[in-house]
Amino acid sequence: MFEKVLIANRGEIALRIARACREMGIRTVAVHSTADADAMHVRLSDESVCIGPPAALASYLNKAAILSAATITNVDAIHPGYGFLSENADFAEMVQSHGFTFIGPTAEHIRMMGDKITAKRVALAHGLKVVPGSDGPVASEADAMAIARAIGYPVLLKATAGGGGRGMKVAREDSELGEAFRLARAEAGAAFGNDELYMEKYLIHPRHIEVQILADSHGGVVHLGERDCSLQRKHQKMLEEAPSPALNAETRHDIGRIACEAIAGMGYQSVGTLEFLYENGEFYFMEMNTRLQVEHPVTEMICGVDLVREQIRVATGAPLGFTQSDIRIAGHAIECRINAENPVTFVPSPGKITGYHAPGGLGVRVDSALYSGYTVPPHYDSMIAKLIVFGNNRNECLMRVRRALVEFVIEGVETTIPLHAKLVAEPDFINGDYDIHWLEGFVSGKNGKDQ
Ligand code: ADP
């Protein structure tokens, strides 16, 4: 087992990892920017190293500074969390070549899945269906036009290096395609330094359903069921639930088995998520996330498995301590992502937390690095808390989310708590009747189904 781990992240996820480490008897090293000197993840780790100024490029994305911190604190391994360097294959390689263990998959697997065109080819080769689209990159507007006519409108242009929904544009007909192509290309170039695009058929009423995988380095692979992440705004998830209200036990079993076979075939190890669009009973592979995800707690709540602990264990080379038949999925869990944003305009609202009270009670978990007197810096993602609620069934879970949202007090900044409170009282949501476009309609005051 590792004796000391450096956590190359901040906020709630750094805290989440530090908690798992402490329970495993592993010492932790926090890294932080000058803006985060008073952050909770720094306070709750055994040691800390300042790695640079506030801008993420100079601190949390600064590979050399992080590796220096790892060297001077003499750690065994580095956990990248999510975001920042978590899916950076070069970083994973550097970590290994400096003699540390990267708590994640191999650099080859990160690279393979980071390129969305390669990822789709690999998925196809391992028995997964993919959304119909271009076979490879779309080189020009003329190419785009030919492919769009062949697969049929509407189409979606996507960045090969994509992430976070950037570099994605829809075209509904020929006349929209030129502009969509140019905009997607410009956005992809600016966001990823790589403006290569590919094209998919734009599905009209799919759900976003993802399967959580855990694999060791001895060929052991299990799935931990699915999460429904269809409630998105601007391709960003806002609320996730598990299990999906749209799947029955048989469908869950089938997609889980198919996912495990694909993962075993790829020789992948660590935690990972296969993301699918689910429409008319078909699962279309979209992409694979080769890291821990923001929404992992809903899976933990219904499976009783500590995913971070298992991720660390398999990174040491240990085999999984269980097989598929040991995994029991029971109850229902919902996660509300709470952002420091105006709940109507979504304008970020950083600033000082003047009052803070987290909800509690049976089945309620809050993953957050907030405390009263803390100042939310303006430099990073606006997510400040995750409220994760478990119930024996979906209805009990819904009742509990509602009361937990009422209890949650965050003063000094605006938050999206009021929006969540409205959402969990909405009949379509209560009925589980939503697709990936529904939330956009809901937040803009239109009926999502008419979108
Ligand atoms: P990113 O890597 O930028 O997050 P994804 O490929 O995961 O991009 O897509 C993000 C979101 O965009 C999905 O969750 C889904 O809501 C939507 N999306 C992606 N592909 C399609 C498609 N072919 N049709 C409709 N919506 C899509």
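This is a predicted model: local features need pLDDT of at least 70, side-chain atom pairs count only at pLDDT 80 or more; totals for chains, interfaces and linings use all residues.
Residues are numbered from 1 along each chain as its sequence is written, and side-chain values use heavy atoms, with hydrogens and water left out.

The shell comprises eight nonpolar, seven polar and six charged residues; Ala, Val, Leu, Ile, Met, Phe, Trp, Tyr, Cys and Pro count as nonpolar, Asp, Glu, Lys and Arg as charged, and the others, Gly among them, as polar. Around the ligand there are 21 residues, of which Gly165, Lys201, Leu203, His208 and Gln232 come nearest (a residue is near a molecule if one of its heavy atoms lies within 4 Å of it). Domain 2 (132-201) and domain 3 (207-450) both contribute residues to this shell, so the ligand lies between them; the domain bounds come from an automatic or database domain assignment. At least two shell residues are supplied by each of strands S6 (155-159), S8 (197-201), S12 (270-279) and S13 (282-289). Strands (E, at least two residues) and helices (H or I, at least four) are DSSP runs, numbered from the N terminus.

An oxygen atom of the ligand lies 2.5 Å from a backbone N or O atom of Gly165, and a ligand oxygen is 2.8 Å from a side-chain N or O atom of His208. For Glu275, a polar side-chain atom is 3.3 Å from an oxygen atom of the ligand. On its own the ligand has 550 Å² of accessible area, and the protein covers 95% of this (Shrake-Rupley method with a 1.4 Å probe).

Aromatic side chains form a further set of contacts. The structure holds 10 aromatic pairs, where rings of Phe, Tyr and Trp (its six-membered ring) pair if their centres lie within 6.5 Å. Ring pairs join Phe276, Tyr278, Phe283 and Phe285 into a cluster. Arg233 is placed over the face of Phe346, 3.5 Å from the ring centre, and Lys422 over the face of Phe442, at 5.2 Å. A charge sits over a ring if NZ of Lys or CZ of Arg is within 6 Å of the ring centre and within 35 degrees of the ring normal.

The backbone has cis peptide bonds between Tyr153 and Pro154, with omega about -5°, and from Ala242 to Pro243, with omega near -5°. Pro154 is located in the loop between helix H7 (141-151) and S6, and Pro243 in the loop between strand S11 (236-242) and helix H9 (249-266).

Notes: Rings of Phe, Tyr and Trp (its six-membered ring) pair if their centres lie within 6.5 Å; planes under 30 degrees apart count as stacked, over 60 as edge-to-face and the rest as tilted. A polar contact is a pair of N or O atoms within 3.5 Å; within protein, one must be able to donate a hydrogen and the other to accept it, and residues adjacent in sequence count only if both atoms are side-chain atoms.
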